[in-house]
Amino acid sequence: MPARALLAISFAALLWNCALPVSRNLEERQPPAKSAFDPALVRRGAELAAVGDCAGCHTRQGSAPFAGGVPLRTPFGTIYGTNITPEPETGLGRWTQADFDRAMREGLAPDGRHLYPAFPYPYFRHLTDEDLRALYAFVMTRDPVRSPPPRNDLAFPFNIRPLVAGWNQLYLGKDDVPRDAAKGTEWNRGAYLVHGLGHCGACHSPRTALGAEKRGEALSGGEAEDWYAPALNRASPSPLAWTKEDLVTYLRTGIAEHHAIAAGPMQTVIAQLSGASEADLAAIAGYIVSMMDGAGARPLGAMPEAPQDERTAMGRRIYEETCASCHDSGRTLSSGGALQLPLAVALHDPDPRSLIHLILEGVQPPPGEPGRSMPGYAGALTKEQVVALLAYLRTLAAEAPPWKDLDPAVERAGAGR
Amino acid sequence: MITLKVNGREVSVDADPATPLLYVLRDHLKLNGAKFGCGLGQCGACTVMLDSEAVFSCVVPVSAVGKRAVKTVEGLGTPENPGPLQQAFIEEQAAQCGYCIAGMIMRAQALLERSPSPTEDDIRAALAPNLCRCGTHMRILRAVKRASDKGSA
């Protein structure tokens, strides 16, 4: 049904589309010289590109920066990040500032083609002219790399680009960045970065069947690559309220002593955020903490002793014999080094996906980056043991309602490895 | 008593179920190839195989092993008749102090069993969890390459 509605709206949008302006003389243009850009503006652009995590989709591990080719797996198929280096044939070399602004705000390429909303223009449309100028200066001063993007692999009808016009009619521009003059400049800057350039909602908000952010539910929890992306508002699952200081540290280092270590898709976000400015990180953290509004202030006891049934008893044994050697302070001399377990946010998520990934795959810092490491237990524990451990951690350690269907969830995650 | 299958042999050990597999291998079964390094699954010196997977035996309780087959470096060959991967490590002289090598070999063995012709990137990624402090990494990589299909071709 959504696909049919989309088709109808798209048809109307297509007619309107014909009137869209197309950038002139594209083929004849030459990329601007690097020296044409103010170095201070380029530096500012680098800090903003870190907030926007451009590299997350446009820099492939081990390849030239921003030359594209990163596969983004969506429910509609695989889309590849494009080459955004200033190379004229395969990158953005012929784009003017106006072309760049239009792509960022309206999702249109200079030739009038629609970009897929996997590129977060629904968020970037909020960007100020000033920030777009800095980002353009940054992008156009990268080393040009000739690298055509791989072909997208999308299912019908999502492989028909003009249909995006219909999507835009349905969803684009229906949200606004929260503003509140009474809350001060930093809070408003934070709201702008979270809902705009940072596109936090791309993962941390629930989405419609067509992949748009559900209206009115911004930041109330979403998903990315089969990980649960925790709610960043009152629904925050953390058992301990986040402070602004803890969140700044987390965003900069990936480590929040009393909450979590960045893992899964958040790792690449954090790797980029270390390049963001102090002021922007403080603004983001301050805004998110204010959205959480003290969520999570609930008491947590020590890890409980009494098992409820045979499965949780097995889970408790596994916990004591594997997890506790790092995650349970006081058991041994070295057992206080890691995040103390009842606090780990993943135990309190509404679904077990992230915790399953953490247990099976562990946490390894990205290649060549410093960071903490946790061994994965995929080979060490059987599926039955992982399920028992999950049940124990969830119901007895986190004292939260049991997760349903743990067996198929573990099966699925194990198969995807 | 806990029954285990180690290097193709059924053995029974009298150990607390919480004992790490590594201690049972070293102390009860006198299989001293796998080493104690950090005890926290961070260094890889204790790596052995459980069925087809390389695991840190220091963080696997013996009670969790169940019916799965344990394979240690001793299971790959003898000093007189080293296995192909062990022979490759000897030929490349890949050990300096040797403390990490049993673990390196077992992680590489798991890799070669599931992927007999790994690329250098595959080998690097697979061995990343195992640390070597002497710095014989290049020789270790060559040894694994030598033992692979590509190395012998």
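**Entry 1: chain A overall**

I started with the surface: chain A exposes about 19700 Å² of accessible area, and 56% of that belongs to carbon and sulfur atoms. Accessible areas come from the Shrake-Rupley method with a 1.4 Å probe, and for residues only the protein chains shown count as cover. I note that this is a predicted model, where local features need pLDDT of at least 70, side-chain atom pairs count only at pLDDT 80 or more, and totals for chains, interfaces and linings use all residues. Residues are numbered from 1 along each chain as its sequence is written, chains are lettered from A and ligands numbered from 1 in the order written, and side-chain values use heavy atoms, with hydrogens and water left out.

I found 16 helices and seven strands in chain A; these are DSSP runs numbered from the N terminus, helices being H or I of at least four residues and strands E of at least two. The radius of gyration of chain A is 23 Å, close to the 22 Å that the globule rule gives for 417 residues, so chain A is as compact as a globular protein of that length. The radius is taken over C-alpha atoms, and the rule is 2.2 Å times the number of residues to the power 0.38. The C-alpha trace spans about 75 × 50 × 45 Å along its principal axes.

Of the 417 residues in chain A, 50% are buried (under 20% relative accessible area; exposed is over 50%, partly exposed in between, with a 1.4 Å probe and protein chains only).

**Entry 2: chain B overall**

I counted six helices and five strands in chain B. Their order from the N terminus is β-β-α-β-β-β-α-α-α-α-α. Chain B has a radius of gyration of 15 Å, which agrees with the value near 15 Å for a compact globule of 153 residues. Its C-alpha trace spans about 45 × 30 × 25 Å along the principal axes. Buried residues make up 49% of chain B. The accessible surface of chain B is about 7300 Å², with 51% from carbon and sulfur atoms.

**Entry 3: cores**

Which residues have the most contacts inside the largest nonpolar core? I get L390(A), L393(A), L4(B) and L21(B), in a core of 64 residues. Helix α15 of chain A (residues 383-397) gives the most to this core, with 10 residues. Apart from it lies another core of 56 residues, including W242(A) and I288(A). A nonpolar core is a set of buried Ala, Val, Leu, Ile, Met, Phe, Trp, Tyr and Cys residues joined through side-chain atoms within 4.5 Å.

I then checked L390(A). Beyond its neighbours within four places in sequence, L390(A) is in contact (heavy atoms within 4.5 Å) with L355(A), I356(A), I359(A), W403(A), L406(A) and V410(A).

**Entry 4: backbone and loops**

I looked up the peptide bond from F156(A) to P157(A): cis, with omega near 0°. P157(A) sits in the loop between β3 (153-154) and α7 (164-171) of chain A.

D226(A) is not a glycine, yet its phi is positive, about 70°. D226(A) lies in the loop between β4 (222-224) and β5 (227-229) of chain A. At 34% relative accessibility, D226(A) is partly exposed.

K30(B) also has a positive phi, near 55°. Is K30(B) buried or exposed? K30(B) is exposed, at 60% relative accessible area. I place K30(B) in the loop between α1 (21-28) and β3 (47-50) of chain B.
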